[in-house]
Amino acid sequence: MAKAGTFGDRQARRLVRSRGASTGMRILKYTLSRALALLATVVVGVYLTVLIANMGGHVDEIRRSAIREQAALTLQLNQEARLLSAEERNQILNELIAVEERRLGLDQPFVVRSFRALWQALTLDLGRAYYMTSDSGSRQVRLIILERLAPTLLLFATAELLLFFLSVLIALFLSRRYGSWLDRLIVALAPTSAAPSWFYGVFLILIFAAILRWFPFGGMVQTPPPQGTLPYALSVLKHLVLPASSIVISAIFYSIYSWRTFFLIYSSEDYVEMAKAKGLTSAAIERRYILRPTLPTIITSFALTIISLWTGSIVLERVFNWPGLGQLIYRAIGSFDAPVIVGSVVVYAYLLALTVFVLDIVYAIIDPRVKVGAEGQTS
Amino acid sequence: MMRRMSQTASWLALALIGTLLLSAGALAQQRRGAWVDEVIMSEEANAATAITRLEVGEIDLYAFAVSDPGLFQQVQANPRLAYSLTYGSFNEMTFNVAGPVFSGSGKLNPFAVARVREAMNWLIDREYIAQEIFGGMGAPRYTVFNTVFPDFARVADVARAIELKYGHDPERAEAVISEEMQELGAVKVNGVWHYNGEPVEIIVLIRVEDERREVGDYLASLLEDLGFVVDRQYKTAGEASAIWISSDPNEGLFHIYTGGWVSTAVDRDLGDNFDFYYNPRGLPYPLWQAYQPTPRFDEISDRLARNDFRSIEERRELIAEALSLSMEDSVRIFYVDRSSFIPRRAELEVTSDLAGGISGTLLWPHTLRFEGRTGGIVNVALPSLLTEPWNPIAGTNWVFDQMPIRGTADSGTIANPYTGLPMPQRIERAEVTVKEGLPVTQNADWVELHFAPEIPVPADAWADWDPVAQRFITVAERFPGGTTALRKSVVYYPEDLYSTVFWHDGSPFSVGDIVMGIILSFDRGKPGSPIFDEVEQPVIEAFLRSFKGVRIVSVDPLVIETYSDTYFLDAELNVSTWFPLYAQGPGAWHNLALGVRAESQEELAFSTAKADQLDVEWMNYVAGPSLGILARHLNEARASNYIPYEPTLGQYVSAEEAQARWSNLAAWYQEKGHFWIGTGPLYLERAYPVEKIVHLKRFERYPDPADKWALFAEPMIAEVDVFGSRRVQLGSPATFEVEVSFAGEPYPDDAIAEVKYLVIDARGEIALTGWAEPLEDGLYRVTLSADDTAKLAVGVNRLEVVTVSTLVSIPTFESFEFVTTR
């Protein structure tokens with residue numbers, strides 16, 4: 001028996017080991033295939049961005065024309081060149097154009113440049129901008145983006161995190177008080193989120209900057225910037241109030257409404273009623289029976305919120321004159337500065353891919369219903 | 001008792017006020033440099049927000065030319081706000097002249113026919129465009145000449161005649177176009193023009209960024225009314241330029257483009273405009289190559305571009321003819337001179353250039369002040385700031401960056417913001433000698449103009465630069481057989497130049513700063529130089545084609561001679577000062593030397609082109625990664641007491657001067673954190689690149705009195721009224737009085753160039769022209785003799801008076817109607 005038992009244990013252990021090895025292989029295989037799929041998505045996405053940012057090569061024509069126009073104006077303003085013969089002037093003009101075209105790489109075919117741009121983007125060598133410079137004067141796309149990232153993160157992280165946590169907590173609270181006056185008020189106010197944040201921004205500026213003079217019209221800090229870290233931080237904080245408020249006001253009611261509806265579905269499940277019947281406290285019910293099953297969705301939403309901070313907001317930043325990524329991308333699109341556009345997108349693409357990748361794994365950890373890599377997986 | 005106390009108190013109060021006023025007056029008299037203590041500049045992209053901020057006093061000036069009519073009304077209605085007007089930009093319609101049948105598409109192009117293009121002048125209503133579409137922020141324009149520039153004033157009567165001839169007349173336009181369309185073989189079917197069985201389609205490239213969108217739609221509607229099918233293509237600048245500039249006109253990708261141009265300064269010589277806008281010589285681009293001016297127009301255009309005339313009178317005649325021919329040619333139709341306003345607080349005074357606005361004139365830091373006050377902080381907002389790196393040689397060219405840069409700069413001469421004529425600033429006086437027969441005239445008394453049969457260039461003058469040996473090539477070496485020049489300029493700096501002019505870091509100005517400027521005029525365009533920049537090579541080569549030599553005749557006092565074959569019609573424009581104000585800002589020899597060292601070692605580059613080529617940063621003297629590199633070079637230069645271009649500059653800069661300069665710059669960098677220095681009335685306290693803020697402060701060692709340029713607080717645009725009898729009998733003499741004033745005061749006669757009149761008779765033709773005679777300051781008389789009135793027809797006549805001032809280039813037109821009877 002013992003021998004048989006030993007044999008049986010060995011078999012069982014082998015089976016467990018084999019199953020464990022098989023699970024490990026399955027997870028590894030799944031992880032690799034997901035990584036490859038995401039990488040392929042990033043490659044395709046980035047190349048499409050390269051093509052779109054350059055309008056399939058048409059931007060070259062636009063840039064060539066802009067170079068010609070600019071060179072002509074430059075020469076027109078040159079008093080000495082004006083007195084040269086037409087041939088001499090044209091010769092200078094053509095030389096100026098040739099130098100500028102070489103500088104911008106327009107002397108090479110677009111296809112070649114597009115694949116080079118793809119490779120540089122994938123290796124995160126963001127290269128040099130065509131026209132734009134960073135605030136401190138650098139042409140490196142990396143520095144151009146990094147400089148604008150901090151103000152954008154500051155504004156949007158403050159506003160979005162505030163929005164996210166306020167929404168989830170208030171929604172959770174309301175889901176247990178369905179039909180209360182507060183619940184009805186939130187539902188009634190939800191359509192106000194149809195207006196974008198800049199719309200509220202304009203009103204906030206009008207009320208709190210123009211009439212009451214409590215807050216500044218825009219910018220990130222007072223002029224001239226105060227010396228010292230604390231006064232500087234306080235000044236930034238004061239400038240942050242109106243733009244952050246507009247983001248929160250513009251989305252808070254709808255966000256609460258949608259989270260509250262989501263929580264309501266789970267609040268009315270049988271097991272919640274059972275827990276209630278068992279006499280569990282509201283906090284325990286919320287934590288164990290409502291939040292736990294909704295956690296994957298909350299985490300997904302949170303992760304995507306974090307990524308969305310990267311994009312900034314074109315109009316809001318312009319309304320508040322906030323030196324963020326939104327304004328940067330707006331200028332880059334306006335001036336056909338493809339490296340800056342591609343640079344912004346490629347970082348976003350990588351962040352998105354990484355988030356999706358990590359979320360897949362996180363789901364498996366926090367949600368027992370998810371079986372990574374298995375047939376008919378539910379993730 | 002009480003009354004006496006009250007009287008005593010009143011006297012005391014009066015005495016106190018008097019003392020304060022006298023003190024303030026004395027202070028104002030003593031004040032040197034800028035009136036204000038500080039100028040803080042920040043970004044504000046939205047004009048409407050900027051005006052609200054002005055209204056509540058958060059900012060004092062929005063240094064941007066706004067053209068929104070609604071905002072203009074808002075500013076006009078607010079007594080707390082004031083504004084300056086600028087007129088630099090203008091709009092036109094560019095025609096594709098290829099054809100009449102496009103070889104690429106086989107479609108008809110009516111605008112290949114000059115008469116059709118000419119008829120478009122009658123079709124469009126310029127008054128409607130200016131008043132309705134531009135909301136009054138523009139004036140109708142008919143010719144290639146900007147209506148606020150001096151050349152327009154010189155031929156104002158001719159221009160007026162053109163305006164009368166090409167006034168809005170849609171029936172005439174339709175008749176001419178129909179006639180030409182039939183001539184081309186087109187037929188009208190159901191009100192639509194057809195060619196070869198297909199409707200004639202007109203592609204209008206409509207720019208979308210400004211009022212040109214409405215203008216394009218208006219034009220398209222007019223053409224549709226005439227029976228054309230119009231394809232309205234709405235494009236941004238970049239999208240449109242790829243078509244109208246780059247495409248072959250014969251492909252027929254467009255017929256009309258809604259063009260726009262801008263002048264950033266008052267241009268005193270528009271003679272080459274005909275070549276630029278109407279002739280294949282203008283630009284080597286496909287559209288220009290399709291232009292086919294008539295032989296006569298081509299000849300005149302060429303002569304005007306080359307200044308091939310003997311006198312100003314001859315030039316005027318050529319221009320008059322060219323203007324007429326350009327209207328017949330009409331490859332372009334100019335329709336509006338745009339005006340814009342720069343809003344500010346009413347208590348703030350500042351000079352604004354007619355074309356370049358406030359940011360475009362070097363006078364702004366001199367004239368900026370709160371009315372009646374000395375000192376104070378001015379908050380200025382601009383649409384963008386610190387957009388590109390600042391370096392004096394090839395740094396930022398953004399107009400808004402140039403405003404603070406101009407605040408820190410000084411110059412040899414300053415352009416008059418209302419006439420474009422240079423005025424002496426750092427220099428004291430000048431002499432200009434030109435070859436006999438050249439049509440050069442003198443306008444001001446600080447220049448002496450001479451004519452000479454020949455102008456030999458001295459053998460020891462510097463004619464070129466050897467970048468390897470780092471020494472100048474003399475005239476004797478470059479022109480072994482000797483050479484002559486068409487123009488010689490001798491500039492005299494004041495005797496106290498070196499003791500009164502200082503750089504912001506405290507270094508006294510020296511001749512080394514001048515010599516460095518001369519060296520850098522050549523060095524960057526010379527292969528073999530460590531700072532050679534291929535962008536500069538063609539520019540330097542062009543310069544050398546006319547440049548003959550420069551000679552420092554005397555170091556103290558500083559006198560510099562310049563010889564060149566380049567000349568301008570105004571003697572004042574022929575003065576070469578060599579003051580170290582570079583293309584993009586001021587520079588001393590020592591702070592520029594750091595940049596030269598950094599570029600020589602391929603760590604930074606002055607120009608963006610070379611920075612890309614070397615894959616290094618574009619040099620920035622005020623912020624960013626450049627500062628660390630420049631600081632390292634400062635330490636090395638200080639340690640070795642470095643003098644750049646030592647074989648040459650070492651002859652003008654002593655070791656002691658070098659030592660002092662490096663110490664001053666090191667202390668400056670330590671205190672301010674940047675390398676930007678000038679000799680202007682304001683210095684850069686700090687630039688905040690991410691926050692987009694520039695902080696300027698008054699430079700206390702600036703030598704000139706603060707009120708030096710007070711004359712330019714406001715443009716003296718003449719206000720004209722005409723008085724006289726409303727009824728004139730044919731064959732009887734008649735007189736009319738013309739009152740010319742400014743701000744209610746008579747306009748000084750010595751500031752009036754001419755008061756010219758035209759009489760347009762009842763037939764709509766110019767029947768008489770002449771000049772009004774001066775009676776006293778601000779009063780002129782137009783006399784029509786009996787013979788004159790006998791030439792008029794019975795009916796309503798219009799007396800048009802054109803007043804041209806020497807103080808401002810905008811002529812004033814005033815008309816007076818009178819009836820002629822038998």
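Chain A of this predicted model has a mean pLDDT (the predictor's confidence in each residue, from 0 to 100) of 81, with 88% of its residues at 70 or more.

As for ground rules, local features need pLDDT of at least 70 and side-chain atom pairs count only at 80 or more, while totals for chains, interfaces and linings use all residues. Residues are numbered from 1 along each chain as its sequence is written, and chains are lettered from A in the order in which they are written.

**Where A meets B**
- The contact draws 46 residues from chain A and 52 residues from chain B.
- On the chain A side, the elements giving two or more residues are helices H2 (58-77), H3 (79-82) and H4 (86-103); helices are DSSP runs (H or I) of at least four residues and strands (E) of at least two, numbered from the N terminus.

**Domains of chain B**
- Chain B splits into domain 1 (89-338), domain 2 (399-682) and domain 3 (716-821), with bounds from an automatic or database domain assignment.
- The C-alpha centres of domains 1 and 2 of chain B sit 41 Å apart.
- Between these two, 12 residues of domain 1 are in contact with 11 residues of domain 2.

**Strand S40(B) and its partners**
- Eight of the 11 residues in S40(B) (795-805) are buried, so this strand is largely enclosed by the rest of the structure; buried means 20 or more other C-beta atoms within 10 Å of a residue's own, exposed means 12 or fewer, and partly exposed is in between, with C-beta atoms placed from the backbone.
- S36(B) (752-760) pairs with S40(B) in the antiparallel sense over eight bridges; pairing takes at least two DSSP bridges.
- In that pairing, Lys756(B) stands opposite Val802(B).
- S41(B) (812-821) also runs antiparallel to S40(B), joined by nine bridges, and Leu799(B) stands opposite Phe816(B) in S41(B).
- S40(B) and S41(B) make a hairpin with six residues between them.

Definitions and conventions
Contact = placed C-beta atoms within 7 Å.
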